[in-house]
There are 2 protein chains.
Amino acid sequence: MKIIHSPRHLGHSGHVELMNGQVVPAFEKPERVAMILRAVGERQLGPFMDPQAHGLDPVLKVHDADFIRFLSTAWELWTADGRDFPALPSFWKAPGMRSIEPESIDGKLGHFSFDAGCCMVAGTWDAVQAGADIALTGVDLISSGENAAFALCRPPGHHAHAGTMGGYCFVNNAAVAAQSFIDRGAARVAILDVDYHHGNGTQSIFYARPDVLVCNIHADPMQEFPYFLGYADEPGEGPGEGFNANFPLRWGTDYEGWGAALDAACARIEAHAPDVVLVSLGVDTYKDDPISQFKLDSPDYLKIGARIAKLARPTLFVMEGGYAVEAIGTNVANTLEGFEQG
Amino acid sequence: MKIIHSPRHLGHSGHVELMNGQVVPAFEKPERVAMILRAVGERQLGPFMDPQAHGLDPVLKVHDADFIRFLSTAWELWTADGRDFPALPSFWKAPGMRSIEPESIDGKLGHFSFDAGCCMVAGTWDAVQAGADIALTGVDLISSGENAAFALCRPPGHHAHAGTMGGYCFVNNAAVAAQSFIDRGAARVAILDVDYHHGNGTQSIFYARPDVLVCNIHADPMQEFPYFLGYADEPGEGPGEGFNANFPLRWGTDYEGWGAALDAACARIEAHAPDVVLVSLGVDTYKDDPISQFKLDSPDYLKIGARIAKLARPTLFVMEGGYAVEAIGTNVANTLEGFEQG
Ligand SMILES: [Zn+2]
Ligand SMILES: [Zn+2]
């Protein structure tokens with residue numbers, strides 16, 4: 001399958017995050033893509049291609065205009081205060097506080113975020129735009145008849161809400177792509193999010209819509225980030241009721257439990273009869289992931305790919321998380337190879 | 001006037017905060033109280049006394065029970081994970097996320113906070129309890145006929161909501177004291193918050209009530225923490241409408257502008273005819289405060305004290321912020337001396 005990649009993700013480098021009470025280099029780092037490139041190249045899963053520029057209009061179909069304006073100007077405002085180090089939010093809203101965008105960049109960072117892990121550096125906005133273009137180029141490929149494509153997006157996207165960044169995510173690449181499929185005539189899209197963390201942004205964006213089914217398999221938010229969304233009792237709302245399905249699993253889950261949830265999610269997707277399946281591909285379910293607590297092993301990703309192939313729909317893989325740099329390439333390549341052989 | 005102090009605040013030491021994208025030692029530190037003790041002692045503004053224990057019942061009159069349970073157990077849960085360094089929240093809620101208390105201590109820290117500046121260490125909860133007792137002992141003194149008292153609370157309290165910590169604050173000492181005055185028969189209380197930062201917690205706790213008037217003079221939240229509350233158009237709600245008054249002022253305000261706001265706030269308080277005035281005394285309005293942007297000079301605090309004295313009501317001063325350690329003692333002592341001479 002075609003693999004869409006851009007070196008512009010490298011601009012999003014040197015960022016940090018608040019973890020365990022300390023500011024540390026972010027686990028979400030450029031080496032992740034380097035290792036994926038190496039593994040998929042080695043196995044000749046390509047060919048590779050550059051993304052096409054699509055502009056911001058398709059991004060603004062799922063994101064608030066003031067949020068995108070903020071993302072595009074945040075670094076400039078941060079450095080205008082004389083700061084040359086990474087920008088990290090520090091302040092949020094207590095219940096009952098007002099949703100007002102402050103003048104101050106420190107206030108804006110809090111207004112448009114929900115954690116201290118969405119750090120911006122000089123090249124972040126360019127990398128984010130490239131990521132959206134990569135996902136949209138994947139939509140181009142599927143729309144022109146390809147059976148599958150891999151959008152090698154970085155930074156990831158599934159935690160980003162319509163108006164809020166968080167969890168390393170700025171623009172929700174998968175949501176932008178799903179909306180683009182709808183805008184090009186798809187009647188129904190299914191998003192299967194297999195990242196270790198709940199895709200709170202993706203769920204939130206499509207929560208009231210029946211055209212985009214969102215299925216999430218992830219760590220129980222009682223135990224794990226994002227903590228405040230991703231519970232089993234979130235079925236969608238209004239016309240979207242019945243079109244959101246969460247499969248939270250406890251820490252320590254191995255492929256036996258995880259695969260059962262995948263079967264259930266796939267059954268739900270089959271019932272939706274989507275024109276296209278979009279896979280939010282995170283491999284932080286891996287047993288040695290440094291920030292995660294599931295127990296999947298590298299051969300399991302072959303099974304994941306094969307199960308997704310059995311859906312027998314045009315499939316766009318969009319890269320999300322996975323922080324075990326030494327294994328991320330193998331695990332991604334296994335998923336794609338399992339799909340192609342499946 | 002009697003000054004209530006306890007060395008138990010020293011247990012809240014060695015904590016940190018996220019500022020400018022870096023974890024740094026908190027500006028809110030024990031040296032603040034040391035310098036206040038020195039200055040008020042030198043001028044013989046005392047006598048000093050220890051607080052009386054009042055238990056948690058008066059605290060639970062203004063705070064949620066689950067929040068107080070969290071505060072009392074957070075350090076134990078944090079260290080049960082094997083961590084011996086200060087606990088700092090990292091994750092909050094995007095709009096649309098759910099208000100669920102997670103099992104995980106990292107999730108709980110986010111659920112019960114609104115910034116990365118409310119750091120807990122081993123002695124935090126004990127210091128917080130002592131602070132509430134200090135404020136309540138001040139209520140005892142005023143209730144037994146004293147004209148004024150100074151509750152030397154630390155950590156401060158005015159940013160703490162009923163169920164949320166933030167801005168160095170855990171329990172809202174001023175709100176606990178105001179409620180205690182009401183419970184002991186006061187018909188009307190006025191809280192005058194002169195801290196540089198808006199007292200969002202105090203406003204929030206009494207926002208729908210007519211018995212406790214809350215007046216805040218502070219930096220415009222468009223420019224300054226807490227950013228999402230403290231605007232001029234927040235008059236109170238329901239039966240509390242007309243009983244909240246905000247005086248936001250721009251960065252760079254000196255005593256000319258600040259004193260005019262004080263006059264306006266005092267006029268509002270006189271109209272309320274309170275049985276008691278409670279002053280949330282922050283001196284981070286000082287020109288050399290390291291995290292603030294007002295231009296008050298030390299002699300101005302004599303004028304503040306004198307203006308408050310002109311209200312001619314029993315007055316409880318409750319310590320809030322002020323981070324210029326070298327001047328905090330002088331500025332607090334000036335306020336109290338201005339009051340006594342005024
Ligand atoms: Zn993840
Ligand atoms: Zn303050």
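1. Helices (H or I, at least four residues) and strands (E, at least two) are DSSP runs, numbered from the N terminus. The structure is a predicted model, in which local features need pLDDT of at least 70 and side-chain atom pairs count only at pLDDT 80 or more, while totals for chains, interfaces and linings use all residues. Residues are numbered from 1 along each chain as its sequence is written, chains are lettered from A and ligands numbered from 1 in the order in which they are written, and side-chain values use heavy atoms, with hydrogens and water left out.

2. Backbone of chain B. B:Tyr168 lies in the loop between β5 (148-151) and α6 (173-183) of chain B. Although B:Tyr168 is not a glycine, its phi is positive, at about 75 degrees. B:Tyr168 counts as buried, at 9% relative accessibility (buried means under 20% relative accessible area, exposed over 50%, partly exposed in between, with a 1.4 Å probe and protein chains only). A positive phi of about 55 degrees is also found at B:Ala312, again not a glycine. B:Ala312 is placed in the loop between α9 (298-309) and β10 (315-319) of chain B, and is exposed, with a relative accessible area of 63%. Most residues other than glycine have a negative phi, and most peptide bonds are trans.

3. Cis peptide bonds in chain A. A:Gly46 and A:Pro47 are joined by a cis peptide bond with omega about 15 degrees; A:Pro47 sits in the loop between α1 (31-42) and β4 (48-49) of chain A. The bond from A:Phe225 to A:Pro226 is cis as well, with omega near 10 degrees, and A:Pro226 belongs to the loop between β7 (212-219) and β8 (244-249) of chain A.

4. Zinc site. The zinc ion (ligand 1) is coordinated at 2.0 to 2.2 Å by A:Asp195 (OD), A:His197 (ND1) and A:Asp284 (OD). Donors are N, O and S atoms within 2.8 Å of the metal (3.2 Å for Na, K and Ca); water is not among the atoms, so the site may look incomplete. The donor residues follow the sequence spacing D-x1-H-x86-D. Distant parts of the chain are linked here: A:His197 is in the loop between β6 (189-193) and α7 (200-206) of chain A, and A:Asp284, 87 residues apart from it, is in the loop between β9 (276-281) and α9 (298-309) of chain A. A:His197 and A:Asp284 are both buried.

5. Helix packing in chain A. Helix α8 (residues 255-272) of chain A packs with α9(A) at an angle of about 10 degrees, their axes being 11 Å apart. Axes are lines fitted to C-alpha atoms, for helices over the stretch in contact, and angles run from 0 to 180 degrees between N-to-C directions. Residues making the contact (heavy atoms within 4.5 Å) include A:Trp258, A:Leu262 and A:Cys266 of α8(A), and A:Ile304 and A:Arg307 of α9(A).

6. Relation of the chains. Chain B is superposed on chain A by a rotation of 180 degrees with 0.0 Å of shift along its axis (RMSD 0.0 Å). The two copies are thus related as by a two-fold rotation axis. In chain B, the C-alpha nearest the axis belongs to B:Val23, 3.0 Å from it. Superposition is by least squares on the C-alpha atoms of residues with pLDDT of at least 70 in both copies.
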